[in-house]
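Biologist: I would like to learn how to read a model like this one. Could you take me through it feature by feature?

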Amino acid sequence: MTSWPRMKLWLPALLTALLVGGVSLPALAQSAVQPSITSHHDGQRTIDEYRVNGKLYAIRIVPGGGNDKGAIYFLYDDNGDGDFKRVDAPSVPVPDWVQND
């Protein structure tokens, strides 16, 4: 069994490590890569193209040109094969394949 005096020696070090590690977690969760976004409007919808290193990985579709005539969605290429899949989400992550350049 661990005695209190012994625990008092390592407890501050453990709490400090947890605090320092916890503070850095939000920074690690954010992507450092910022995409270049090009927008097109055609009267019926807004199309935003997301690129990193010149590689198109996502297309955001806003039906009705932003006039709430439909749900916003993404067409997303998660692995670089050119096969874009519909994703109903508020955002998509920058995939690894566009960053490896």
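Predicted model: local features only at pLDDT ≥ 70, side-chain atom pairs only at ≥ 80, totals over all residues.

Biologist: How many helices and strands are in the chain?

Modeller: Helices (H or I, at least four residues) and strands (E, at least two) are DSSP runs, numbered from the N terminus. Here there are two helices and five strands, in the order α-β-β-β-β-β-α along the sequence.

Biologist: In which sense do S2 and S3 pair?

Modeller: Two strands pair if DSSP finds at least two bridges between them. S2 and S3 are antiparallel, with eight bridges; one example is Ile 47, whose partner in S3 is Ile 61. Two residues lie between the strands of this hairpin, and Asn 53 has a positive phi near 55 degrees. S3 also runs antiparallel to S4, joined by four bridges, and Ala 58 is opposite Tyr 76 of S4.

Biologist: Which residues make up the largest nonpolar core?

Modeller: In soluble globular proteins, nonpolar side chains tend to be buried together. A nonpolar core is a set of buried Ala, Val, Leu, Ile, Met, Phe, Trp, Tyr and Cys residues joined through side-chain atoms within 4.5 Å. Buried means under 20% relative accessible area, exposed over 50%, and partly exposed in between (1.4 Å probe, protein chains only). The largest core in this chain has nine residues: Tyr 50, Val 52, Tyr 57, Ala 58, Phe 74, Tyr 76, Val 92, Val 94 and Val 98.

Biologist: Where is Pro 35, and what does it touch?

Modeller: Pro 35 sits in the loop between helix H1 (4-29) and strand S1 (36-41). Contact means heavy atoms within 4.5 Å. Leaving aside residues up to four places away in sequence, Pro 35 touches Tyr 50, Arg 51, Val 52 and Tyr 57. Pro 35 counts as partly exposed because its relative accessibility is 24%.

Biologist: And is Thr 46 buried or exposed?

Modeller: Thr 46, in strand S2, counts as buried because its relative accessibility is 9%. A polar contact is a pair of N or O atoms within 3.5 Å; within protein, one must be able to donate a hydrogen and the other to accept it, and residues adjacent in sequence count only if both atoms are side-chain atoms. The side chain of Thr 46 makes one with the side chain of His 41, at 3.1 Å.

Notes. Residues numbered from 1 in each chain as written. Heavy atoms only, no water.
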